[in-house]
Amino acid sequence: MDTRFDQIAFSGGGIRCFWHGGFLSTAGDALSLDVKRVSGVSGGALSAAAWLGNREQDLLMLMTEAFRINDANFDRGSSNFTPHQEIYRAVVDTTLDKEAIERICDGPEYQVHLSCPPKPLPARLAASFYGVAYKVDQFVRGTPHLVIPKKAGLGGLCVDARLAAREGKLVDLVCAAATIPPLFDVPCWDGDRVLDGGMLDKAPMPQPDRGRTLVLLSSRYANLPQTCRRTYVQPSEEVAADKIDFSDATKVERTWAQGEKDGRHWLAQHDLDD
(Lines give C-alpha, C1' and ligand atoms only; values in the text may rest on other atoms or scores of the structure.)
Protein backbone atom coordinates (compact mmCIF):
# COMPACT_ATOMS: atom_id res chain seq x y z
CA MET A 1 0.00 0.00 0.00
CA ASP A 2 1.21 3.50 -0.85
CA THR A 3 1.79 5.36 2.41
CA ARG A 4 2.59 8.73 0.89
CA PHE A 5 -0.16 11.17 1.79
CA ASP A 6 -1.04 14.61 0.48
CA GLN A 7 -3.72 15.29 3.12
CA ILE A 8 -4.82 14.32 6.64
CA ALA A 9 -8.39 14.44 7.91
CA PHE A 10 -8.86 14.36 11.69
CA SER A 11 -12.32 13.02 12.56
CA GLY A 12 -14.51 14.26 15.37
CA GLY A 13 -15.29 12.39 18.55
CA GLY A 14 -14.71 14.67 21.52
CA ILE A 15 -12.29 13.18 24.05
CA ARG A 16 -12.05 10.03 21.93
CA CYS A 17 -9.85 12.11 19.61
CA PHE A 18 -6.89 11.50 21.95
CA TRP A 19 -6.58 8.26 19.98
CA HIS A 20 -5.30 10.45 17.12
CA GLY A 21 -2.38 11.70 19.20
CA GLY A 22 -1.42 8.23 20.39
CA PHE A 23 -1.55 6.82 16.86
CA LEU A 24 0.59 9.59 15.39
CA SER A 25 3.08 9.41 18.27
CA THR A 26 4.07 5.92 17.06
CA ALA A 27 3.17 5.97 13.36
CA GLY A 28 3.82 9.60 12.43
CA ASP A 29 7.61 9.48 12.14
CA ALA A 30 7.57 6.23 10.14
CA LEU A 31 5.12 7.77 7.68
CA SER A 32 7.30 10.89 7.24
CA LEU A 33 4.16 12.96 6.86
CA ASP A 34 4.63 16.08 4.76
CA VAL A 35 1.13 16.99 3.70
CA LYS A 36 -0.30 19.91 1.77
CA ARG A 37 -3.71 20.09 3.45
CA VAL A 38 -5.16 19.21 6.87
CA SER A 39 -8.80 19.21 7.94
CA GLY A 40 -10.36 18.80 11.37
CA VAL A 41 -13.87 18.65 12.75
CA SER A 42 -15.18 18.78 16.34
CA GLY A 43 -12.49 17.44 18.70
CA GLY A 44 -10.44 16.62 15.61
CA ALA A 45 -9.96 20.34 15.04
CA LEU A 46 -7.97 20.41 18.28
CA SER A 47 -6.11 17.20 17.34
CA ALA A 48 -5.10 18.83 14.06
CA ALA A 49 -3.99 22.07 15.73
CA ALA A 50 -1.94 20.20 18.33
CA TRP A 51 -0.26 18.09 15.63
CA LEU A 52 0.49 21.08 13.40
CA GLY A 53 1.72 23.11 16.38
CA ASN A 54 3.82 20.26 17.79
CA ARG A 55 1.84 20.36 21.03
CA GLU A 56 0.35 16.86 21.21
CA GLN A 57 2.14 15.84 24.40
CA ASP A 58 1.29 19.19 25.99
CA LEU A 59 -2.37 18.68 25.13
CA LEU A 60 -2.34 15.22 26.69
CA MET A 61 -0.71 16.51 29.88
CA LEU A 62 -3.01 19.53 30.23
CA MET A 63 -6.23 17.65 29.56
CA THR A 64 -5.44 14.79 31.93
CA GLU A 65 -4.44 17.24 34.66
CA ALA A 66 -7.66 19.21 34.14
CA PHE A 67 -9.71 16.02 34.43
CA ARG A 68 -7.84 14.98 37.58
CA ILE A 69 -8.83 18.27 39.19
CA ASN A 70 -12.41 18.03 37.95
CA ASP A 71 -14.31 15.09 39.45
CA ALA A 72 -17.83 15.57 38.05
CA ASN A 73 -19.67 16.47 34.86
CA PHE A 74 -22.03 18.76 36.77
CA ASP A 75 -21.04 22.11 38.25
CA ARG A 76 -23.72 24.47 39.47
CA GLY A 77 -21.30 27.41 39.38
CA SER A 78 -20.28 27.01 35.72
CA SER A 79 -22.03 27.93 32.47
CA ASN A 80 -24.86 25.54 31.59
CA PHE A 81 -24.27 23.87 34.98
CA THR A 82 -21.36 21.85 33.57
CA PRO A 83 -17.59 22.43 33.63
CA HIS A 84 -17.11 21.48 29.97
CA GLN A 85 -16.99 24.87 28.29
CA GLU A 86 -14.58 26.45 30.79
CA ILE A 87 -12.25 23.43 30.90
CA TYR A 88 -12.09 23.03 27.14
CA ARG A 89 -11.42 26.72 26.56
CA ALA A 90 -8.67 26.82 29.17
CA VAL A 91 -6.93 23.74 27.78
CA VAL A 92 -7.14 24.95 24.18
CA ASP A 93 -5.91 28.43 25.10
CA THR A 94 -2.92 27.06 27.05
CA THR A 95 -2.01 24.40 24.48
CA LEU A 96 -2.07 26.73 21.49
CA ASP A 97 0.53 29.18 22.74
CA LYS A 98 2.32 31.78 20.62
CA GLU A 99 4.95 29.37 19.31
CA ALA A 100 2.36 26.73 18.37
CA ILE A 101 0.26 29.29 16.53
CA GLU A 102 3.30 30.54 14.63
CA ARG A 103 4.00 26.96 13.50
CA ILE A 104 0.40 26.63 12.33
CA CYS A 105 0.61 29.93 10.43
CA ASP A 106 3.71 28.69 8.61
CA GLY A 107 2.41 25.16 8.04
CA PRO A 108 0.22 23.48 5.42
CA GLU A 109 -3.33 24.52 4.63
CA TYR A 110 -5.51 23.81 7.66
CA GLN A 111 -9.29 23.86 7.63
CA VAL A 112 -11.87 23.49 10.38
CA HIS A 113 -15.37 22.32 9.47
CA LEU A 114 -18.45 23.66 11.25
CA SER A 115 -22.16 23.04 10.74
CA CYS A 116 -24.81 25.74 10.38
CA PRO A 117 -28.46 25.18 11.32
CA PRO A 118 -31.23 26.94 9.37
CA LYS A 119 -31.72 30.48 10.65
CA PRO A 120 -35.41 30.13 11.67
CA LEU A 121 -34.68 27.29 14.10
CA PRO A 122 -33.77 28.24 17.70
CA ALA A 123 -30.18 27.17 18.35
CA ARG A 124 -30.86 24.61 21.08
CA LEU A 125 -33.79 23.11 19.20
CA ALA A 126 -31.60 22.82 16.11
CA ALA A 127 -28.88 21.11 18.12
CA SER A 128 -31.36 18.57 19.49
CA PHE A 129 -33.01 17.94 16.13
CA TYR A 130 -29.79 17.46 14.20
CA GLY A 131 -28.26 15.49 17.06
CA VAL A 132 -31.07 12.95 16.62
CA ALA A 133 -30.63 12.96 12.82
CA TYR A 134 -26.92 12.35 13.29
CA LYS A 135 -27.53 9.42 15.66
CA VAL A 136 -30.06 7.84 13.28
CA ASP A 137 -27.66 8.18 10.34
CA GLN A 138 -24.82 6.56 12.28
CA PHE A 139 -27.04 3.68 13.41
CA VAL A 140 -28.56 3.01 9.99
CA ARG A 141 -25.62 3.64 7.67
CA GLY A 142 -22.57 2.95 9.86
CA THR A 143 -20.25 5.35 8.04
CA PRO A 144 -18.46 8.56 9.10
CA HIS A 145 -19.85 10.44 6.10
CA LEU A 146 -23.42 11.40 6.98
CA VAL A 147 -26.37 12.03 4.67
CA ILE A 148 -29.53 12.49 6.76
CA PRO A 149 -28.57 15.76 8.57
CA LYS A 150 -27.69 17.43 5.28
CA LYS A 151 -30.97 16.33 3.69
CA ALA A 152 -32.75 17.72 6.76
CA GLY A 153 -31.31 21.18 6.09
CA LEU A 154 -28.06 21.33 8.07
CA GLY A 155 -25.47 23.40 6.24
CA GLY A 156 -21.69 23.34 6.40
CA LEU A 157 -18.91 25.88 6.73
CA CYS A 158 -15.25 25.22 5.87
CA VAL A 159 -13.06 27.78 7.66
CA ASP A 160 -9.47 28.68 6.78
CA ALA A 161 -7.94 27.95 10.20
CA ARG A 162 -4.50 29.14 9.16
CA LEU A 163 -5.99 32.56 8.40
CA ALA A 164 -7.82 32.46 11.73
CA ALA A 165 -4.46 31.79 13.42
CA ARG A 166 -2.90 34.78 11.68
CA GLU A 167 -5.82 36.94 12.82
CA GLY A 168 -5.55 35.77 16.43
CA LYS A 169 -8.84 33.82 16.30
CA LEU A 170 -7.68 30.21 16.22
CA VAL A 171 -8.59 29.43 19.84
CA ASP A 172 -12.09 30.80 19.23
CA LEU A 173 -12.41 28.66 16.10
CA VAL A 174 -11.22 25.43 17.71
CA CYS A 175 -13.62 25.98 20.62
CA ALA A 176 -16.50 26.79 18.24
CA ALA A 177 -15.82 23.51 16.43
CA ALA A 178 -16.61 21.54 19.58
CA THR A 179 -20.03 23.03 20.29
CA ILE A 180 -22.42 20.46 21.74
CA PRO A 181 -25.43 22.12 23.41
CA PRO A 182 -26.52 22.15 26.16
CA LEU A 183 -22.98 21.57 27.49
CA PHE A 184 -21.65 24.48 25.42
CA ASP A 185 -23.18 27.80 24.41
CA VAL A 186 -23.95 28.15 20.70
CA PRO A 187 -21.38 30.56 19.21
CA CYS A 188 -21.36 32.55 15.98
CA TRP A 189 -18.69 32.50 13.33
CA ASP A 190 -18.67 35.27 10.73
CA GLY A 191 -22.27 36.05 11.64
CA ASP A 192 -23.57 32.48 11.42
CA ARG A 193 -24.67 30.38 14.40
CA VAL A 194 -22.52 27.26 14.32
CA LEU A 195 -22.63 23.79 15.80
CA ASP A 196 -20.29 20.83 15.93
CA GLY A 197 -19.35 20.02 12.34
CA GLY A 198 -19.36 16.33 13.17
CA MET A 199 -23.17 16.46 13.00
CA LEU A 200 -22.77 16.92 9.23
CA ASP A 201 -19.72 14.74 8.51
CA LYS A 202 -17.56 12.94 11.05
CA ALA A 203 -14.48 13.16 8.80
CA PRO A 204 -14.81 15.85 6.12
CA MET A 205 -12.08 15.99 3.52
CA PRO A 206 -9.87 19.04 3.01
CA GLN A 207 -10.93 21.41 0.24
CA PRO A 208 -9.89 21.09 -2.51
CA ASP A 209 -9.79 17.32 -2.09
CA ARG A 210 -6.73 16.31 -4.09
CA GLY A 211 -4.28 13.45 -3.83
CA ARG A 212 -4.21 10.75 -1.18
CA THR A 213 -5.70 11.30 2.28
CA LEU A 214 -4.97 9.65 5.61
CA VAL A 215 -8.29 9.68 7.49
CA LEU A 216 -7.87 9.29 11.26
CA LEU A 217 -11.09 8.16 12.94
CA SER A 218 -11.85 7.94 16.66
CA SER A 219 -14.60 5.31 16.59
CA ARG A 220 -15.20 2.09 14.70
CA TYR A 221 -17.46 2.04 11.63
CA ALA A 222 -18.99 -0.94 9.89
CA ASN A 223 -19.02 0.71 6.46
CA LEU A 224 -15.97 2.60 5.30
CA PRO A 225 -15.78 3.86 1.69
CA GLN A 226 -13.52 1.82 -0.56
CA THR A 227 -11.34 4.21 -2.50
CA CYS A 228 -7.70 4.17 -3.56
CA ARG A 229 -7.38 7.86 -2.68
CA ARG A 230 -8.21 7.47 1.02
CA THR A 231 -6.75 5.33 3.78
CA TYR A 232 -9.09 5.06 6.75
CA VAL A 233 -7.51 4.16 10.09
CA GLN A 234 -9.77 3.38 13.03
CA PRO A 235 -9.28 2.10 16.58
CA SER A 236 -8.93 -1.68 16.90
CA GLU A 237 -11.76 -1.57 19.45
CA GLU A 238 -13.93 1.10 21.02
CA VAL A 239 -11.70 3.47 22.96
CA ALA A 240 -11.92 3.99 26.72
CA ALA A 241 -12.83 7.67 26.56
CA ASP A 242 -16.41 8.86 26.46
CA LYS A 243 -17.09 11.75 24.09
CA ILE A 244 -18.11 14.22 26.81
CA ASP A 245 -16.91 12.71 30.09
CA PHE A 246 -14.61 15.36 31.58
CA SER A 247 -14.24 13.67 34.97
CA ASP A 248 -11.91 10.69 34.40
CA ALA A 249 -8.29 11.36 33.43
CA THR A 250 -7.51 7.65 33.18
CA LYS A 251 -9.86 7.31 30.19
CA VAL A 252 -7.84 9.92 28.31
CA GLU A 253 -4.58 8.15 29.11
CA ARG A 254 -5.94 4.75 28.12
CA THR A 255 -7.30 6.13 24.85
CA TRP A 256 -3.90 7.65 24.01
CA ALA A 257 -2.19 4.35 24.93
CA GLN A 258 -4.56 2.45 22.65
CA GLY A 259 -3.68 4.84 19.83
CA GLU A 260 0.00 4.08 20.40
CA LYS A 261 -0.66 0.34 20.36
CA ASP A 262 -2.81 0.56 17.24
CA GLY A 263 -0.15 2.69 15.56
CA ARG A 264 2.52 0.05 16.18
CA HIS A 265 0.21 -2.68 14.92
CA TRP A 266 -0.70 -0.68 11.82
CA LEU A 267 2.97 -0.12 11.01
CA ALA A 268 3.70 -3.83 11.38
CA GLN A 269 0.78 -4.71 9.12
CA HIS A 270 2.17 -2.48 6.41
CA ASP A 271 5.83 -3.49 6.89
CA LEU A 272 6.91 -0.04 8.03
CA ASP A 273 9.54 0.69 10.64
CA ASP A 274 8.32 2.24 13.89
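Which helix gives the most to the lining of the second largest pocket? Keep that in mind as you browse these close-ups of a predicted model.

**View 1. The second largest pocket and the residues that line it.** The answer to the opening question is α1, with 4 residues. Both α1 (18-31) and α2 supply at least two residues of this lining. You can look for L24, S25, G28 and W51, which are among the lining residues. Sorted by type, the lining has 6 nonpolar, 2 polar and 3 charged residues. The space inside comes to about 250 Å³.

**View 2. The largest pocket, with about 430 Å³ of space.** Here 22 residues form the lining, and G131, Y134, K135, I180 and K243 are the ones nearest the centre. Helix α6 (residues 123-141) gives the most, with 8 residues. The lining is made up of 9 nonpolar, 5 polar and 8 charged residues.

**View 3. D245 and its contacts.** Find D245 in the loop between β9 (230-233) and α10 (249-269). Its relative accessible area is 13%, so D245 counts as buried, the cut-off being under 20%. The D245 side chain makes polar contacts with the side chains of N73, at 2.9 Å, and K251, at 3.1 Å. Beyond its neighbours within four places in sequence, D245 also touches I15 and F67.

**View 4. The buried residues of helix α5 (residues 98-105).** Three names to spot are A100, I104 and C105. These residues sit on the same side of α5, because they cover an arc of only 140° around the axis. Among the elements that cover them are α2 (43-52), α4 (84-95), β3 (109-116), α8 (161-166) and α9 (170-177).

Methods:
Residues numbered from 1 in each chain as written. Predicted model: local features only at pLDDT ≥ 70, side-chain atom pairs only at ≥ 80, totals over all residues. Heavy atoms only, no water. Buried < 20%, exposed > 50% of the residue type's maximum accessible area, 1.4 Å probe, protein only. Polar contact = N/O pair within 3.5 Å; in protein donor to acceptor, adjacent residues only side chain to side chain. Contact = heavy atoms within 4.5 Å. Arc of directions from axis to C-beta. 1 Å grid on protein atoms, 1.4 Å probe; cavity = no way out; pocket = protein on both sides within 12 Å on 5 of 7 lines; lining within 4 Å. Points joined across faces, edges and corners; volume = space filled by probe spheres on them. Nonpolar A, V, L, I, M, F, W, Y, C, P; charged D, E, K, R; others polar.
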